Amino acid sequence: MKTLLILRHAKSSWKAASLSDHERPLNKRGHRDAPRMGQLLRDKKCLPQLIIGSSAERVRETIAHICEASGYKGEILYRDKLYLGEPAAYLKLLRGVDDQYDRVMVVGHNPGIEELLELLTDKEHSMPTAALAQVALPIEQWRELHETVKGTLLNLWLPRQLDR
């Protein structure tokens, strides 16, 4: 069994109109929520063994906060194909993951993140910024991950729920 953690990047800023969408950084809320999700990963003892993220600045900043707050020291891969990527792009990348990794986290953007979660669980779930889903996949090897594989949603954590 493999576990996929699906994280939407934290809230980004729209203040600098001169920046391209790809270059947009996190805003104040994003800088607050991303570390909280990293701490959650640490507290729940579900740190990934590998992180694969979009190459966008807001994703890079989200991952940096996650790593610092959780103590993650593993490998991080940034892929342009995940920038505004569709579920097929995630699945293709994940099929190439080494089987030594049992728990992998992908970090990206909507609508692709929500669509990936729906594809893997057969249910619609809202993924606001910094939302984190934990999905158990009934596969032994990552190359088995195709559109027909149906996983089980174990957890869906939203930053606003952590305030309670």
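Predicted model: local features only at pLDDT ≥ 70, side-chain atom pairs only at ≥ 80, totals over all residues.

User: Got it. At what angle do the axes of H3 and H4 cross?

Analyst: At roughly 70 degrees, and the two axes come within 8 Å. Angles of 65 to 115 degrees count as roughly perpendicular, so that is how H3 and H4 sit relative to each other.

User: And which residues meet there?

Analyst: From H3 you have Pro-87, Tyr-90 and Leu-91, which meet Gly-112, Ile-113, Glu-115, Leu-116, Leu-119 and Leu-120 of H4. By class, that contact has 7 nonpolar, 1 polar and 1 charged residues.

User: Switching to the sheet: what's the strand order?

Analyst: E3-E2-E4-E1-E5-E6, in an open sheet of 6 strands with mixed pairing. Strands E3 (75-79) and E6 (152-157) are at the edges with a single partner strand each, so one side of each has no neighbour in the sheet. From one strand to the next, the twist averages 20 degrees.

User: How do E5 and E6 pair?

Analyst: In the antiparallel sense, over 5 bridges. Gln-134, for instance, has Asn-155 in E6 as its bridge partner.

User: Which strands does H4 lie across?

Analyst: E1, E4, E5 and E6, with H4 running at about 150 degrees to E1. Helix H1 (residues 28-43) also lies across E1, E4, E5 and E6, at about 35 degrees to E5.

User: Last one: how many residues are in the largest nonpolar core?

Analyst: 26, and Ile-6, Leu-94, Trp-142 and Leu-145 have the most contacts inside that core. H4 gives the most to it, with 4 residues.

Notes
Residues numbered from 1 in each chain as written. Heavy atoms only, no water. Core = buried A, V, L, I, M, F, W, Y, C linked by side-chain atoms within 4.5 Å. Buried < 20%, exposed > 50% of the residue type's maximum accessible area, 1.4 Å probe, protein only. Helix = DSSP H or I, 4+ residues; strand = E, 2+ residues; numbered from the N terminus. Axes fitted to C-alpha atoms, helices over the stretch in contact; angles between N-to-C directions. Parallel < 35°, antiparallel > 145°, perpendicular 65-115°, else oblique. Contact = heavy atoms within 4.5 Å. Nonpolar A, V, L, I, M, F, W, Y, C, P; charged D, E, K, R; others polar. Pairing = 2+ DSSP bridges.
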